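Please look over the sequence and the structure shown here before reading on.

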Amino acid sequence: MKNKLFASIPAIILGLLIAVGPQTFAHVCKVQEGKMPMACHYTAQAALGIGVVIVVLGVFALLFNNAGIRAGINVAVALLGVLAICVPTALIGVCKGAMMHCHMVTLPTLIVFGVLTVVFGVVAVVMNARADR
């Protein structure tokens, strides 16, 4: 039971934070009418999708009793955590201005949540792999 909760609850919470963060407390630049959206807007959209998938995988990890299946799900969660780090840093990016809110808040927020997702995902994989033996 402990492995099951540890494999799912952090993924659900961190997935919600990754999805909701750029939309709320770590907001990105607003899209101005008639102008092209900035890179941070697309980063927020990608983070929303990544976070939703992490939440869904966390719910699946909560529903399955087989430790091997939970380990596989958490491998996917850890890889999505890496993707959550790559989106604002290497793939899409944020605004180039160092004083922009997206550069100062959104970028480090997504990096921290992504690292936590990777760490919890890897620990859950190890715990579930040991429980499967």
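Predicted model: local features only at pLDDT ≥ 70, side-chain atom pairs only at ≥ 80, totals over all residues.

## The first helix

The helix α1 is built from 19 residues, and the distance from its first C-alpha to its last is 27 Å, which is close to the 27 Å expected at 1.5 Å a residue.

Which way does α1 run relative to α2, parallel or antiparallel? The axes of these two helices come within 7 Å and cross at roughly 160°, and since angles over 145 degrees count as roughly antiparallel, α1 and α2 are therefore roughly antiparallel to each other. Their crossing is left-handed, and the residues of α1 that make the contact include Lys4, Leu5, Ala7, Ser8, Ala11 and Ile12, while those of α2 include Ala47, Leu48, Gly51, Val52, Ile54 and Val55.

The pairing of α1 with α3 has an angle of about 25°, with the axes 11 Å apart. Because angles under 35 degrees count as roughly parallel, α1 and α3 are roughly parallel to each other, and the crossing of α1 and α3 is left-handed. Here Asn3, Lys4, Ala7, Ala11 and Ile18 of α1 meet Arg70, Asn74, Val77 and Ala84 of α3.

## How α2 meets α3

The helices α2 and α3 pack with their axes 10 Å apart and at an angle of about 165°, and they are therefore roughly antiparallel to each other. The crossing in which α2 passes α3 is left-handed. On the side of α2 the contact involves residues including Thr43, Ala46, Ile50, Val53, Ile54 and Leu57, and on the side of α3 it involves residues including Arg70, Ile73, Ala76, Val77, Leu80 and Leu83.

## The nonpolar cores

The largest nonpolar core has 15 residues, and the members that touch the most other members are Ile18, Ile50, Ile54, Leu57, Ile73, Val77 and Leu80. The elements that each give two or more residues to this core are α1 (2-20), α2 (39-63), α3 (67-91) and α4 (101-132).

Another core, of eight residues, lies apart from the largest one, and among its members are Val28, Cys29, Val94 and Cys102.

## Two buried residues

Where does Gly21 sit in the chain? Its place is in the loop between α1 and α2, and Gly21 is buried, with a relative accessible area of 0%. Leaving out residues up to four places away in sequence, Gly21 touches Leu16, Ala26 and His27. The C-alpha atoms of Gly21 and Thr106 are separated by 7.7 Å, although these residues are 85 residues apart along the chain.

Thr109 lies in helix α4. Its relative accessible area is 15%, and because buried means under 20% relative accessible area, Thr109 counts as buried. When its neighbours within four places in sequence are left aside, Thr109 is in contact with Phe25 and Ala26.

Key:
Residues numbered from 1 in each chain as written. Heavy atoms only, no water. Core = buried A, V, L, I, M, F, W, Y, C linked by side-chain atoms within 4.5 Å. Buried < 20%, exposed > 50% of the residue type's maximum accessible area, 1.4 Å probe, protein only. Helix = DSSP H or I, 4+ residues; strand = E, 2+ residues; numbered from the N terminus. Expected span 1.5 Å × (residues − 1). Axes fitted to C-alpha atoms, helices over the stretch in contact; angles between N-to-C directions. Parallel < 35°, antiparallel > 145°, perpendicular 65-115°, else oblique. Left-handed = near helix turned anticlockwise from the far one by under 90°. Contact = heavy atoms within 4.5 Å.
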